[in-house]
Amino acid sequence: MTDPRQRAAWLVSELNRHSRLYHENNEPEISDQEYDALYRELETLEEADPALRLADSPTQRVGGQASAALEPFVHEVPMLSLQNAFSSAELDEFDTRVHRHLGGSAGVIEYQVEPKLDGLAMEIVYEDGLLIRGGTRGDGQVGEDVTHNLRTIPSVPLRLNDAPPGRLSVRGEVLFDLPGFEAMNERRERSGEKRFENPRNAAAGTMRQLDPRMVQGRPLWFYAHSAGLLSVGMRLGSQSELSAQFARWGFRVNPLNAVVDGVAGVVAAIEALRQRRSTLDYEIDGAVVKVNAFALQEALGFVTRSPRWAIAYKYPPERVRTVLDDVIFSVGRTGAVTPVACLRPVRVGGVTVSRTTLHNQDELARLDLCVGDTVEVERAGDVIPKVVQVVPDEGHALRPRVRYPEGCPECGTGLIRDAEEAATRCPNELGCPAQVRRAILHFASRLCMDIEGLGERMVDQLVGAGLVRVPSDVYRLSMEALLGLDRVGRLSAQNLVNAIMSSRARGLDRVVMALGIRHVGESTARDLARRFGSIDALMAAGPGELQAVDGIGEVVATSVATFMANDRNRQEIEALRSLGVQFAPIAAARSAGGLVGRVFVLTGTLPNLAREDAARLIEAAGGKVSGSVSKKTSYVVAGSEAGSKLEKARELNVAILDEAAMLALLAAPSGAG
């Protein structure tokens, strides 16, 4: 074959075929070296004559410049959410509803049961068989365009086999191959990079990379499971026929999909999936049940946000067993002494767990732990690892029982029990190295005084050398003192001095949060700063005045008043002021803005803005940011991995925005929205 055009076309077809055999069927016909040789030949031909470069050439999986930002991706057909079921009784209710809406004449319903993949929902649009664009689910109406990254995933066809004419869109999940995820993490560790903790979050973060070269090579899969649009004239009768069509087009389709009869078949299929869950090379968190026949789906229709013909069954948190090797006691910034379980590393819910908090003295007593016990661990909400219980055995009574220390593990001071918070504390606030370290780290953190260079290693040295005991000591540091520390050069010392100097101009809200008042976080500090305007007015405020601030209750008001009445704290505030900290009043909200009185709740990971940045934009426009959803909530701004707050918003019929809609609302003229 001497004609370059014919040779290039053959190479594209052959390389794509071998890619499918390798990535989808696990049945490679040639070695990696042979594949690479064909790939290099194609690259050479395309470089010599760019006109030979076809749209579905494997060389086009990565290429071009990084995107400056992710553009909106509008779904032509909304991507709806599914109602949830958590028991076989709720599956029975679902089946009963299906029969009722069909008039009771449908007989035994045929269902397709699919693994509920724990990844990132995605839609890919094809025109005459060629991939033209793809995007995330977003809020179901508008997501983010990630076409540049989808092209890098080998299981995403660039051209469909035997493609029909016209436009169609395929929906599915992008997720990590777990063995590949572990291997990738090991490579990252060897190169000094931080491990990814969670495959689901890592997949979401990966797909939102602006540069496709950051995505290439990461072990991502795409599984197709449904269609948004089908080409005109396509005649498919069921969900299972659609799955088979996806496979013919070249998509990866889950081999565990099963067609069953009636709700008894559904329950059995879901249990079979649960039994296999821990052996799979990808994460699932339940099963999706769909009425199989499209005619019945059409007859059933939709409720406001969900199809009547499908439901998601959620598995309870996965529970595994491991051994308790030790319990250590950690001293926090406020002196709370928290027991931490040191576990033999175990994988639970897609994450390797080796440590987890045991919360407090009451929880430790409830568990009755002994070092060496076998314990059951789960991730509450598939997020937070938790020791659930001890697995009883004959050796339990003979092992050393875990008990709270009588003295602080850091400074030896006798511990006291805070009955109101079920916490055990070290009262030696200024003499306990752990409390001092954490207080200074909190003071210097990004949301507080934002002092770059004052990280853990530097704080450890400063506290260990006795140079810093309270926050005001930070502003007494000199070049000479810093240069006397281990491995601190003149440039890094000068940079730290400059960062400390510039932090003196931080706003009142940042300084109030930095002081470490119990129960006062970013939002509360901003509310206090906005209401009182100066540190003097805040110090003079009594509990009643504090409680009059919207959103501040009795507990927070008492905590702030108690802190401000303490002579030592007042002396520290005066010391900060004498050393140049300005406690600058924060900018007033846009009082005439249309968002005054509107309450926002942020949940999930936004594509471009950190949550604190989004909160500042909202508050600058006159809005208020709250941490919980209630009937008073005006908007919930939802990013990826949004959880219970998003569900609560749907229950209360609260308006849900994505980042783009939020920014549009903030930019609207006064009074709009």
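A crossing of two helices is right-handed if the near helix is turned clockwise from the far one by less than a right angle, and left-handed if anticlockwise. This term is used in the first legend below; every view is taken from a predicted model.

**View 1. Helices α3 and α8 cross in a right-handed sense.**
Helix α3 covers residues 88–101 and helix α8 covers residues 262–276; their axes come within 10 Å and cross at roughly 145 degrees. On the α3 side the contact is made by Ser-88, Leu-91, Asp-92 and Asp-95, and on the α8 side by Val-263, Val-266, Val-267 and Ile-270. By class, the residues of this contact are five nonpolar, one polar and two charged.

**View 2. Ile-270 is a residue of helix α8.**
The relative accessibility of Ile-270 is 5%, and the cut-off for buried is under 20%, so Ile-270 counts as buried. Leaving aside residues up to four places away in sequence, Ile-270 touches Leu-91, Val-113, Ala-287, Val-289, Tyr-313 and Tyr-315. Ala-258 lies 12 residues from Ile-270 along the chain, and the C-alpha atoms of the two are separated by 9.7 Å.

**View 3. An open sheet of five strands has the order β2-β11-β10-β3-β9.**
Pairing in this sheet is mixed. Strands β2 (84–85) and β9 (258–261) are at the edges, and each pairs on one side only. Strand β10 (residues 284–291) and strand β11 (residues 310–314) run antiparallel and are joined by five bridges. Within this pair, Tyr-313 of β11 stands opposite Ala-287. Helix α8 packs on the sheet, where it touches β3, β9, β10 and β11, and its direction makes about 25 degrees with that of β3. Helix α7 (residues 239–249) lies across β3 (110–117), β9 and β10, and runs at about 50 degrees to β3.

**View 4. An open sheet of four strands has the order β5-β4-β7-β8.**
The strands of this sheet pair in the antiparallel sense. Strands β5 and β8 (220–229) stand at the edges with a single partner strand each, so one side of each has no neighbour in the sheet. From one strand to the next, the twist averages 30 degrees. Helix α6 (residues 199–207) lies across β4, β7 and β8 and runs at about 130 degrees to β7.

**View 5. Strand β4 (residues 120–127) is largely enclosed by the rest of the structure, because seven of its eight residues are buried.**
Strand β4 is joined to the antiparallel strand β7 (residues 167–176) by eight bridges. Across this pair, Met-122 has Gly-172 as its bridge partner, and Glu-127 stands opposite Arg-167. Six bridges link β4 with strand β5 (residues 130–136), again in the antiparallel sense. Here Val-125 stands opposite Arg-133. The hairpin of β4 and β5 has two residues between the strands, and Asp-128 takes a positive phi near 50 degrees.

**View 6. Thr-152 is placed in the loop between α4 (147–150) and β7.**
Thr-152 and Arg-218 are 66 residues apart in sequence, while the distance in space, C-alpha to C-alpha, is 9.0 Å.

**View 7. The largest nonpolar core has 54 residues.**
Ile-451, Leu-454 and Met-564 touch the most other members of this core. Helix α19 (residues 554–565) supplies the largest share, six residues. Apart from residues up to four places away in sequence, Met-564 touches Leu-515, Ile-517, Ile-535, Leu-538, Met-539, Arg-570 and Ile-573.

After α16 comes Gly-533, which has a positive phi near 80 degrees.

Definitions and conventions. Residues are numbered from 1 along each chain as its sequence is written. This is a predicted model: local features need pLDDT of at least 70, side-chain atom pairs count only at pLDDT 80 or more; totals for chains, interfaces and linings use all residues. Side-chain values use heavy atoms; hydrogens and water are left out. Buried means under 20% relative accessible area, exposed over 50%, partly exposed in between (1.4 Å probe, protein chains only). Two strands pair if DSSP finds at least two bridges between them. A nonpolar core is a set of buried Ala, Val, Leu, Ile, Met, Phe, Trp, Tyr and Cys residues joined through side-chain atoms within 4.5 Å. Contact means heavy atoms within 4.5 Å. Axes are lines fitted to C-alpha atoms, for helices over the stretch in contact, and angles run from 0 to 180 degrees between N-to-C directions. Ala, Val, Leu, Ile, Met, Phe, Trp, Tyr, Cys and Pro count as nonpolar, Asp, Glu, Lys and Arg as charged, and the others, Gly among them, as polar.
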